[in-house]
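Please have the sequence and the 3D structure open while reading.

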Amino acid sequence: MEKRKRRDPHHSWAEPFKIKMVELLKMTTPAQRKKTIEEAGFNTFLLKSRDVYIDLLTDSGTNAMSDRQWAGLMMGDEAYAGSENFYHLEATVRKYYGYKYVVPTHQGRGAENLLSRITIKPGDVVPGNMYFTTTRLHQELAGGTFYDVIIDEAHDPASLHPFKGDIDIAKLEALVKKFGAKKIPYICVATTVNMAGGQPISMKNLKEVRKFTSKHGIKIFLDMTRVAENAWFIKTREHGYADKSVAAIVKEICSLTDGATFSAKKDALVNIGGFFAVNDKKLYDEASNLCVVYEGLHTYGGLAGRDMEAMAIGIVESLTDDHMKARIGQVIYLGEKLMDAGIPIVRPIGGHGIFLDAKAFLPHIKQDNFPAQTLAAEIYIDSGVRSMERGIVSAGRDKNTGKHNYPKLELVRLTLPRRVYTQAHMDVIAESIECVHDRRKKVRGLKMVYEPKYLRFFQARFKRA
Ligand code: F0G
């Protein structure tokens, strides 16, 4: 008999849960998918979910809730004002993140709207470690201009820098010199930088940013959407953190900032929700007042009581080491499989998904013909796996010149929902991408035939070039 190596359960990333309920999926044929993607204008955002086999469009709101979270839904207090679930959420935010005040919002961009409106004046400058689509748009709508201050390595998919989310203090300093600190209401610091490929910021760098901003009277607002995943990377990569828990590291990160916006649809393992959190009472008062205008009363912010309950429970579950080990373990499993097959991906492997380097995958397609948009469509046709463009389409147009922004990174994101797919699903995904890679030379690019005004990647339509 073949002798099998025993897997040490302490070293495996195997899931710390078992499955109680399943959702059946529809299988489709390549011929059906060819027709479907054409009808969807070669935009994976315009596909119907029922036509998708494995959905890696996003890790946002697509997580599987635990039995405890589902039980929490039954504890929803749907009072218009002063819901019990709000106080549970508030206590959880205070205990685990350490912020004094919290304003719930329907999702992350609701919080970004509040933050941008209460802090940014027309003509202001907002530095950040790479842009995020909705975050930058809210800054711009409030009259601000975003400046990227992430380290150069973040724009290089092959750089193995362990903390590509780090901020280049010299870039920040140059902005302060050029515009003056008074024009910079805050710096937006993102944890596991989404557009860079889910790359973390180090504690060391965050401490340096805190020191610098304190000296100049500039606030730090954290985009803490994937803060627990960032904490896992600090634990496993940064000197001095191996013995600290994810929860302790998260609290330390938050303690170095003045407040945060949060999309609970990621880390916090829920399908909807978010919040704005802050330590300054005056800013809290302004945010809770604006919340009434855009979201709903400040004790529900566009959410049902039951949603706030599920979020409060999800936050605690997201901050356990066992959960995070399996979460990131699955991402790494898929990434290593792809690397073994010679597929060009952003390295090091990030937190919430694998990012294919579409420029390297399809070098014959010019950026004007949308290589990442094309690759996402090809993967869908091959296997029904839905991914997302994170390249020139997502980057939009320059707000002054109206020309395309040409980002260095032209990526396809395979985002893994939390606690949803199995290891066998990961194998199918990797095999499908290998198949597309084998026939990559035959793939033709796209042209854009419809372009909406805001966040065009969501609704733009394409045809074969
Ligand atoms: N910040 C980051 C880093 C995000 O990734 C997102 C959403 C938001 C803010 C906005 O939050 O969607 O709740 O309004 N990212 C999703 C994604 C859409 O697929 O990456 P939201």
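Helix α4 contributes the most to the shell around the ligand, with three residues; helices here are DSSP runs of H or I with at least four residues, numbered from the N terminus. The model is predicted, so to speak of local features requires pLDDT of at least 70 and side-chain atom pairs count only at pLDDT 80 or more, while totals for chains, interfaces and linings use all residues. Residues are numbered from 1 along each chain as its sequence is written, and side-chain values use heavy atoms, with hydrogens and water left out.

**Ligand site**
- The ligand is surrounded by 17 residues, each with a heavy atom within 4 Å of it; the closest are T58, D223, S263, K266 and R413.
- By class, this shell has two nonpolar, eight polar and seven charged residues.
- A polar side-chain atom of S263 lies 2.7 Å from an oxygen atom of the ligand.
- For R413, a polar side-chain atom is likewise 2.7 Å from a ligand oxygen atom.
- The protein covers 95% of the 470 Å² of accessible area that the ligand has on its own (Shrake-Rupley method, 1.4 Å probe).

**N113**
- N113 is found in helix α4 (residues 108–119).
- N113 is buried, with a relative accessible area of 10% (buried means under 20%, 1.4 Å probe, protein chains only).
- Not counting residues up to four places away in sequence, N113 touches H138 and Y294 (heavy atoms within 4.5 Å).

**Helix α7**
- The buried residues of α7 are M203, N205, L206, V209, R210, F212 and T213.
- These buried residues pack against α6, β5, β6, α8 and α9.
- G217 follows α7 and has a positive phi, near 65°.

Conventions:
Buried < 20%, exposed > 50% of the residue type's maximum accessible area, 1.4 Å probe, protein only. Helix = DSSP H or I, 4+ residues; strand = E, 2+ residues; numbered from the N terminus. Polar contact = N/O pair within 3.5 Å; in protein donor to acceptor, adjacent residues only side chain to side chain. Nonpolar A, V, L, I, M, F, W, Y, C, P; charged D, E, K, R; others polar.
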